Amino acid sequence: MPKLTFYGGVDEIGGNKILLEEGNTKVFLDFGMSFSEEGKFFEFPLLRPTNIDDLRKINVLPELEGLYKNAGLKVRYLPNGDFFVEETPEERKIDAIILSHGHLDHTGYLGLVRPDIPIYSSAATKKFLKLRSDINKNWAAEASQESFNTVEVDEERQIGKDLTIRRFDVDHSIVGASAYLICTKNKKIAYTGDFRFHGYRQKETEYFQNEIAKENIDVLITEGTRLSRKDEEKAFDTEEEVFEACCEFTKKEKGLVIYDASPADIDRVKTLSRVAKETGRELVLDDKKAYFVLYLNHNEQKNLVEDLPNIDDFKIYLSREKLKKTSKKFTEKIFNEDNLFVENFIEGRSGHQKILLAKQIMESKKSSEDFFKAIKIPDKKFLWGPLGRQEILSNPGKYILYTSNGPLTLLQFVPAGKKIEGSYIYGKAEPFNEEMEFSHDILENWIKLAGLNMKYAHTSGHASADDLKKFIQAVKPKLVMPVHTENAAMFEKFGAKILRPELKKIMEL
Ligand SMILES: [Zn+2]
């Protein structure tokens with residue numbers, strides 16, 4: 001009999017970590033971070049967990065053997081700095097982690113896991129996580145790329161002796177989102193991950209629904225995010241309505257349009273790229289977003305994500321970077337003040353900005369090194385520094401500025417003592433978010449300070465109550481186990497028989 005243990009995602013939105021055991025085979029479905037639990041004890045940036053023990057103290061991690069990196073390793077240090085190993089690490093006891101998608105509430109603790117535990121996911125999820133780790137260093141979330149086994153749609157994989165998985169693409173507010181059909185010796189389990197029926201990949205979700213409807217599913221583990229949340233009342237029903245609303249706001253606006261969406265939502269970039277074309281404006285992406293969009297398909301054998309905008313479709317806003325004193329080229333020869341603030345195109349850039357500027361760095365340093373096999377981005381595609389910001393503020397009707405970090409963008413753009421003429425279109429669900437972000441109050445203060453008109457154009461990454469009901473009625477699972485929801489009981493109203501997961505309790509199926 002298969003057994004399920006839920007180590008997160010129970011009566012909370014996010015934090016999915018579900019252990020499935022069958023015979024000698026053990027797999028986790030997702031290994032996500034619990035925002036609500038971490039948020040009770042930690043606060044960025046002054047009080048943060050810095051190692052696995054800090055997280056174990058607040059009981060957010062499964063206490064299992066053979067799961068974590070270097071667990072069981074004991075090292076004795078000698079006063080002279082030498083050390084020797086007293087106990088060797090545990091044996092691996094988990095066969096795989098099956099990932100639905102890259103949001104932190106599904107992947108946020110992957111970096112703690114032994115790299116010899118294979119991770120199964122879509123190729124787009126693997127690449128997304130690589131790009132995210134180039135942009136934001138996050139020790140708890142960074143999985144080794146070597147751990148990944150990418151699975152095609154409809155491909156079946158055997159895991160251990162006792163399990164097979166089949167992967168499906170589903171629509172969600174991130175690239176590469178997957179759902180799975182998992183077959184044990186005598187049970188069929190479907191896991192939705194996070195999904196919806198109203199974005200650009202609606203057909204993929206429908207295909208998943210139709211295929212599992214043929215399978216007589218015993219247990220459906222499904223998300224129910226929107227069964228409790230009232231905070232998305234301002235949201236539109238579909239991605240297409242977001243497009244229409246943004247076109248309407250932009251056409252009426254003579255000033256600058258700033259659009260703010262989740263960093264992981266690449267479909268929204270496609271939408272705003274369409275809005276820019278429709279309204280005759282130029283799209284300007286912040287450097288993080290540009291990095292995702294340009295590099296998702298770069299150096300891959302085939303496209304991981306279809307219909308992405310390319311460098312001809314947008315400009316890149318290179319965020320402000322102080323000229324560091326290590327930029328000896330200028331500091332030693334010309335200036336010597338301690339509080340020197342001169343922005344520089346290349347010097348002092350790091351991480352993903354360095355990769356975006358790689359060709360320029362190569363040329364300026366006359367290095368022959370093939371720097372990250374970089375994309376050639378012409379200088380004129382970058383807007384940066386005081387002149388770049390001045391160009392945008394002087395011609396506000398020409399641009400749509402797309403950001404994932406509104407407060408930072410406004411900090412950089414708002415001139416001291418002046419206002420910006422324009423609209424700020426907010427395209428996120430607040431206060432809930434899947435990629436740790438700023439508090440909404442701080443954003444509102446900056447918008448007020450800038451004098452911008454606040455508008456809303458967003459659609460949820462999650463299925464509506466109606467769509468969930470239709471989904472349950474089409475699939476007809478014998479049992480529903482709701483996760484990633486604060487209103488599990490609602491599934492009863494959809495005619496489902498519910499088995500409510502209990503945190504850390506082993507449930508036999
Ligand atoms: Zn998600």
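Colleague: Which residues of H6 meet which residues of H7?
Modeller: In this predicted model, Glu239, Val242, Phe243, Cys246, Cys247, Thr250 and Lys251 of H6 are in contact with Asp267, Thr271, Leu272, Arg274, Val275, Glu278 and Thr279 of H7.

Colleague: And how do the residues of that contact divide into nonpolar, polar and charged?
Modeller: The contact of H6 with H7 is made up of 6 nonpolar, 3 polar and 5 charged residues.

Colleague: At roughly what angle do the axes cross?
Modeller: The axes of helix H6 (residues 239-252) and helix H7 (residues 266-279) cross at roughly 40° and come within 9 Å, and the two helices are therefore oblique to each other.

Colleague: Is that crossing left-handed or right-handed?
Modeller: H6 passes H7 in a right-handed crossing.

Colleague: Changing topic, in what order do the strands of the open sheet come?
Modeller: The order is S17-S16-S15-S18-S14-S19-S20, with 7 strands in parallel pairing, and the edges are strand S17 (382-384) and strand S20 (453-456), each of which pairs on one side only. From one strand to the next, the twist averages 25°.

Colleague: How many bridges join S14 to S18?
Modeller: Strand S14 (residues 256-261) and strand S18 (residues 399-403) run parallel and are joined by 4 bridges, and Val257 stands opposite Ile400 in S18.

Colleague: Which strands does H6 touch where it packs on the sheet?
Modeller: H6 touches S14, S18, strand S19 (422-427) and S20, and its direction makes about 170° with that of S19.

Colleague: What about H13, which strands does that helix touch?
Modeller: Helix H13 (residues 406-413) also packs on the sheet, touching S14, strand S15 (282-286) and S18, and the direction of H13 makes about 130° with that of S18.

Conventions:
Residues are numbered from 1 along each chain as its sequence is written. This is a predicted model: local features need pLDDT of at least 70, side-chain atom pairs count only at pLDDT 80 or more; totals for chains, interfaces and linings use all residues. Axes are lines fitted to C-alpha atoms, for helices over the stretch in contact, and angles run from 0 to 180 degrees between N-to-C directions. Angles under 35 degrees count as roughly parallel, over 145 as roughly antiparallel, 65 to 115 as roughly perpendicular and the rest as oblique. A crossing is left-handed if the near helix is turned anticlockwise from the far one by less than a right angle, and right-handed if clockwise. Two residues are in contact if their C-beta atoms, placed from the backbone, lie within 7 Å. Ala, Val, Leu, Ile, Met, Phe, Trp, Tyr, Cys and Pro count as nonpolar, Asp, Glu, Lys and Arg as charged, and the others, Gly among them, as polar. Two strands pair if DSSP finds at least two bridges between them.
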